[in-house]
Amino acid sequence: MGPFKLLIGGRLVDGDSLMDVVNPATEGLVAQCARASKAQLDEAVAAAKAAFPAWSARPIAERRAALAAMADVIQANAAEIGRILTQEQGKPLQDAIGEAYGASAFFRYFSNIDLPTKILEDSPQKKVELRRRPLGVVGAIVPWNFPLILMAFKVPAALLAGNTVVLKPAATTPLATLKIAELVKDLLPAGVLNVIADANDLGGELTKHPDIRKISFTGSTETGRKVMAGAADALKRITLELGGNDAGIVLGDVDPVETAPKIFGAAFQNSGQVCIAMKRVYVHESIYDAMCAELAKLAEAAVVGDGLEQGTQFGPLQNKAQYEKVLGFIEEGRKDGKVIAGGERAPGKGYFIRPTIVRDITDGSRLVDEEQFGPVLPLIKFKDAEDALRRANASDYGLGGSIWSKDLDKAYELAGRMDTGTVWINKHAELAPNLPFGGAKASGLGTELGEEGLAEFTQVHVINMAR
Ligand code: NAD
């Protein structure tokens with residue numbers, strides 16, 4: 001395969017240098033990829049800036065039609081895109097193809113919504129209306145866990161609103177995104193969407209670039225702080241989707257056998273590399289032993305392997321740094337609790353870690369307090385739901401959380417007091433393009449998806465006319 005090219009000003013171009021993209025399941029080369037220089041980043045921003053006046057002046061119906069055409073092309077090529085994604089990201093092929101379909105669905109959603117002018121007042125004295133104008137060039141920065149879905153949180157909304165885009169995937173997962181760029185390039189006027197790849201060195205440049213009006217960023221809280229600082233001088237608009245440490249609170253009335261598979265799925269999907277994975281579970285003491293045993297059983301039965309092999313449920317960690325980090329968290333778990341499933345470094349090549357369950361651990365351990373972002377789940381015992389809620393809310397993070405109970409009234413009441421952007425009841429980590437998504441506290445700033453997310457790609461513009 002490859003080398004994969006950049007998309008700048010409507011043309012597929014070589015990078016000023018090349019970089020290797022590694023398969024985390026084999027540690028072998030997937031393909032070479034064009035690596036953009038700072039000069040090429042400037043070219044991409046200049047192309048987006050030049051394309052902005054005509055694109056923003058188009059009737060929204062035309063922009064919607066372009067998004068629908070992009071959705072069709074992504075959908076039609078989902079199998080090929082998914083195969084590339086599995087090789088660079090590690091996730092099982094069915095999940096990777098599913099992610100490509102998901103991205104297509106997000107483009108489709110935005111191809112069906114509108115940005116109507118709102119009449120705020122219409123009286124004999126005056127007429128006041130609220131319009132939404134596009135901002136200009138948007139820089140979209142994406143991490144390596146869900147390269148396509150997270151791209152699709154940003155690109156269709158930005159384009160629908162009339163902005164132009166410079167998109168930068170993560171250094172270890174640029175290929176599927178560049179493949180999509182190649183497939184959709186003729187569906188948009190030159191320069192409306194530009195895609196560059198870097199070796200983790202151009203995010204800061206994009207953030208500071210004077211011709212970029214908004215940064216839509218998904219990644220770690222640490223990098224999010226740098227984005228916020230980098231955007232401050234020019235008072236750039238920013239949306240930050242950052243890290244999380246989602247808690248699940250499982251009350252004593254649930255059936256462990258029925259609930260454990262749902263919790264397991266929410267914690268270990270994508271080998272735990274999900275911003276809204278369940279990262280710590282508070283379980284009522286009356287069912288604690290049973291829940292631990294059920295989750296350990298599921299962990300032991302999990303099929304971990306190369307995502308291209310049939311039957312694989314969980315792939316490797318995406319990169320070596322994350323692999324080492326998660327192994328470190330497992331050692332913390334071993335020190336502060338008891339590992340009852342997994343916990344071993346797999347022999348041979350590839351960054352594989354089996355789903356790992358840690359019991360008899362509590363707050364104060366790094367594995368509970370910090371974001372592990374990998375396949376290791378701490379289970380914490382509680383007596384009193386109020387105390388569990390207090391501990392869940394004590395985190396600096398506030399992305400998602402969940403309450404599990406047969407008593408929906410009780411669960412609903414507790415959910416209302418969870419200090420997070422989203423709270424699920426009897427499920428976890430469900431997203432949809434029409435549901436606004438954003439983090440509380442150190443998990444982010446602003447909102448993506450839904451009409452609220454779309455609005456963040458616009459400037460409010462009020463016209464107030466005397467009659
Ligand atoms: P990261 O912050 O290291 O990298 C994310 C992106 O930022 C990459 O494209 C990277 O090249 C770029 N970048 C690096 N330095 C930059 C800088 N100084 N300025 C601007 N951009 C820069 O994050 P990661 O390790 O790739 O992703 C994992 C993290 O992302 C986890 O904390 C996870 O919870 C979080 N995440 C959050 C969400 C969400 O929606 N809230 C979704 C997925 C992942």
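**Around the ligand**

By class, the shell around the ligand is made of 14 nonpolar, 11 polar and 4 charged residues (Ala, Val, Leu, Ile, Met, Phe, Trp, Tyr, Cys and Pro count as nonpolar, Asp, Glu, Lys and Arg as charged, and the others, Gly among them, as polar). Bear in mind that this is a predicted model, where local features need pLDDT of at least 70 and side-chain atom pairs count only at pLDDT 80 or more, while totals for chains, interfaces and linings use all residues. Residues are numbered from 1 along each chain as its sequence is written, and side-chain values use heavy atoms, with hydrogens and water left out.

Of the 29 residues around the ligand, the ones that come nearest are Val142, Asn200, Thr223, Leu242 and Glu371 (a residue is near if one of its heavy atoms lies within 4 Å). Let's look at oxygen atoms of the ligand. One is 2.5 Å from a side-chain N or O atom of Asn200, and one lies 2.8 Å from a backbone N or O atom of Val142. Glu371 brings a polar side-chain atom to 2.6 Å from a ligand oxygen. On its own the ligand exposes 850 Å², and the protein buries 89% of that (Shrake-Rupley areas with a 1.4 Å probe).

Which elements give two or more residues to the shell? They are helix H7 (203-208), strand E10 (214-218) and helix H8 (221-232), with helices (H or I, at least four residues) and strands (E, at least two) taken as DSSP runs numbered from the N terminus. Zoom out to the domains, whose bounds come from an automatic or database assignment: domain 1 (6-242 + 443-466) and domain 2 (246-433) both give residues to the shell, so the ligand lies between them.

Now for some backbone geometry. Most residues other than glycine have a negative phi, and most peptide bonds are trans. Glu27, though, has a positive phi, near 65 degrees, and sits in the loop between strand E3 (17-22) and strand E4 (29-35). The peptide bond from Gly2 to Pro3 is cis, with omega near -5 degrees; Pro3 belongs to the segment before strand E1 (6-8).

Key:
Polar contact = N/O pair within 3.5 Å; in protein donor to acceptor, adjacent residues only side chain to side chain.
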